[in-house]
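Visitor: I am new to this protein. Could you walk me through how to read a few of its features?
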Amino acid sequence: MRLTSPLRLIAITLALFFTGCATSPAGQKARSQTRHEPPLPPPPPREFRAAWVATVANIDWPSKPGLPAAQQIAEIQTLLDRAADLNLNAIILQVRPSCDALYESPLEPWSEYLTGAQGVPPYPFYDPLATWIQEAHKRGMELHAWFNPYRARHKDAKSPDAPKHVAVTRPDLVRKFNGWEWLDPGEPEAAQRTLDVILDVVRRYDIDGVHLDDYFYPYKEYLNNQDFPDDASWQKYQKSGGQLARADWRRDNVNRLIRDLYAGIKRIKPHVKFGVSPFGVAHPGVPDTVESKFDQYNILYADPQLWLKEGWLDYCTPQLYWQLDSKQPYADLLKWWAEQNTLNRHLWPG
């Protein structure tokens, strides 16, 4: 059975309230004699049952670029109907795959995954994010906007960067390698751009959450196992008197973005949740039943333990994609993440 939507709960509560106000004196007397209390509304949802909807490379939506607006909207409705049939109550929609936008943005160009050409709006015109929000809320679902904070171009992108794209307007903030483009987290103006983009959406759209996944500094395979090309920003940091070691400086760049995002969202709309879905293994061999050698702390320069400790997240969704009896045992990893959650934030494993 589907959970009653929050809007439905409000309607039930108001109906009860106004029914009581409109009761005649005779009715009031009869009710006081029998002492019947009005029934309570159903409790609100206590679980977060969500699905990611990826737009990069048209993984989930739209099914291919260049579809007419009516067909894109029909696909939105079909996906949300399926989510409702599965008793989901939230969707995490990727709205900024590569410093582009699946919504009408004053700051970044339209995504090529809509029309096949970056910078070209859907035709006939509509605002995809606004439509997703409206359709999700109709079904009693939350809509969380999912942003990639640093990726500026996917290696498999088809169209050239649009004139409005940051790689064109501010090439000094972008690092290029092996077909990828990446905002340099060590450039303060790059971090500010990401903040401006996300907080613009928080201000203008009725989203329920802001979501980041595990893409901070790039994975080594994207770099062909070379180091991230941030010599210019690293040297500027050193010349300014910075004392951190390079790995610590990189982590600090990411930490400050997470801290400032959380503070900015809460300043604008305190009810909007902020969550991150980090890679499911924080450190090699942690806990000791885990055989993974991947180290997000020293490769992606992500420190979700710190973010939980400092309270910079409303929820954490570690990507625990492994079976119970695997080399990365699900139950052990989930227990470890729960132990890091000392402030009792929402822990929703992905």
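Visitor: Is Tyr 237 buried or exposed?

Guide: This is a predicted model. Buried means under 20% relative accessible area. Tyr 237 has 19%, so Tyr 237 is buried.

Visitor: Where is Tyr 237 found?

Guide: Look at helix α8, residues 231-239. Tyr 237 is found there.

Visitor: Which residues does Tyr 237 touch, not counting residues up to four places away in sequence?

Guide: Tyr 237 touches Gly 242, Gln 243, Leu 244 and Trp 249. Now take Gly 186, which is 51 residues apart from Tyr 237 along the chain. The C-alpha atoms of these two are separated by 8.1 Å.

Visitor: And for the protein, how many residues count as buried?

Guide: Of its 350 residues, 50% do. The secondary structure comes to 12 helices and 10 strands. Take contacts between residues at least 6 apart in sequence: 71% of them join residues at least 24 apart.

Visitor: How do I read empty space?

Guide: Rolling a probe the size of a water molecule over the atoms shows where empty space is left. Here, the second largest pocket has a volume of about 200 Å³. It is lined by 14 residues, and the closest to its centre are Trp 146, Asp 213, Asp 214, Tyr 215 and Gln 319.

Visitor: What is the lining of that second largest pocket by class?

Guide: Six residues are nonpolar, four are polar and four are charged.

Visitor: What about disulfides?

Guide: A disulfide is a covalent bond between the sulfur atoms of two cysteines. In this model the count comes to zero disulfides. Cys 99 has 0% relative accessibility, so Cys 99 counts as buried. Cys 316, at 1%, counts as buried too.

Visitor: What is phi of Asn 224 and of Asn 344?

Guide: Phi of Asn 224 is near 55°, a positive value in a residue other than glycine. Asn 224 is in the loop between β7 (209-212) and α8. For Asn 344, phi is near 60°, again positive. Its place is in the loop between α12 (330-340) and β10 (346-347).

Visitor: Is Asn 344 buried or exposed?

Guide: Exposed means over 50%. Asn 344 has a relative accessible area of 69%, so Asn 344 is exposed.

Conventions. Residues are numbered from 1 along each chain as its sequence is written. This is a predicted model: local features need pLDDT of at least 70, side-chain atom pairs count only at pLDDT 80 or more; totals for chains, interfaces and linings use all residues. Side-chain values use heavy atoms; hydrogens and water are left out. On a 1 Å grid over the protein atoms alone, a cavity is a set of points where a 1.4 Å probe fits but cannot get out, and a pocket is an open set with protein on both sides within 12 Å along at least five of seven lines; lining residues have an atom within 4 Å of a point. Grid points are joined across faces, edges and corners, and a volume is the space filled by probe spheres set on the points. Ala, Val, Leu, Ile, Met, Phe, Trp, Tyr, Cys and Pro count as nonpolar, Asp, Glu, Lys and Arg as charged, and the others, Gly among them, as polar. A disulfide is a pair of cysteine sulfur atoms within 2.5 Å. Buried means under 20% relative accessible area, exposed over 50%, partly exposed in between (1.4 Å probe, protein chains only). Helices (H or I, at least four residues) and strands (E, at least two) are DSSP runs, numbered from the N terminus. Contact means heavy atoms within 4.5 Å.
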